[in-house]
Amino acid sequence: MVVVRNLPIASEIQLRFPATPTVLVQIRQVLRRWLHAHDVGPEDVAAITLACGEACANAIEHAYGPGPASFELEGTYADGVVTLTVRDAGAWRTSRGDLDRGRGLMMIEATMDDVDVRSTETGTEIVMSRKVGS
Amino acid sequence: MTGPIADVHFERAGAVVVAHVQGEIDMSNAEYLGTAFSEVPPDARAVILDLREVGYLDSAGLRMIYTLRNRLDHRGQRLRLVVAPGAAITEALRIAGVPQAIGAVETVDAALDSLET
């Protein structure tokens, strides 16, 4: 990997991933690196990484049916607030005794200051933000 | 990614099995890690799940822990967790009520002591 140190730190990230569980570890690496570059403290990094992981896991679970599926992750850092958006093409599943997803949403709500789960015409969008110390 | 993002190795301390987990636990490997515990012999009195080297754990990992607890309960075996103070996974465990439901200490020795009684 080439590391270019004198580039300005991106205030935004925008990424698309295939909807498969093995991308989760890559997402955590990208997210942690981006948060560290903004001097976000370890407690905030752990909380945001957890919330992001749960939202992405949910997007991956939506990926039923034939054909390749993908989802988007966007992150912005502005005025000490990190906002993440995870966008997929499915519906948030909390029914049918799906304990993991129920617990996943619980994790997101407990670690982020603001959480908004929106049904869009094409799927589900979760927007979540947390004020961070730096 | 090449290679597993977490692994577990087992150690015997008398009648107690100590499972040292290292890495990160998410939906890509939680179920697989859970199956490793079928190696716990029926004559073991308890399992100590050492999570000090676990850097990430989400709801899939929490399900693995609760499934393990239930399976051990069923066989009359106890479970103790070891979590490093201030670890990144502390928050996930706290939100899911793990410290109250299962009990977590900071060292394997403390876990062994708690099983003496």
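Reading chain A from the N terminus, its elements go β-α-α-β-β-α-β-β, which makes three helices and five strands (DSSP runs, H or I of at least four residues for helices and E of at least two for strands, numbered from the N terminus). This is a predicted model, where local features need pLDDT of at least 70, side-chain atom pairs count only at pLDDT 80 or more, and totals for chains, interfaces and linings use all residues. Residues are numbered from 1 along each chain as its sequence is written, chains are lettered from A in the order in which they are written, and side-chain values use heavy atoms, without hydrogens and water.

**Chain A by itself**
- Chain A has 134 residues, and 48% of them count as buried (under 20% relative accessible area, 1.4 Å probe, protein chains only).
- Among chain A contacts (heavy atoms within 4.5 Å) with a separation of 6 or more, 68% are between residues 24 or more positions apart.

**Where chain B meets chain A**
- On the chain B side, 20 residues are in contact with 24 residues of chain A.
- About 1700 Å² is buried between the two chains, with 63% from carbon and sulfur atoms (accessible area lost on putting the two parts together, 1.4 Å probe, summed over both).

**Charged pairs and contributors**
- Three salt bridges are counted between chain B and chain A (a Lys or Arg side-chain nitrogen within 4 Å of an Asp or Glu carboxyl oxygen).
- B:Glu24 forms a salt bridge with A:Arg32, with the closest N and O atoms 2.9 Å apart.
- Strand E3 (46-57), helix H2 (59-74) and helix H3 (90-95) of chain B each give two or more residues to the side touching chain A, and H2(B) gives the most, with five residues.

Notes
Buried means under 20% relative accessible area, exposed over 50%, partly exposed in between (1.4 Å probe, protein chains only).
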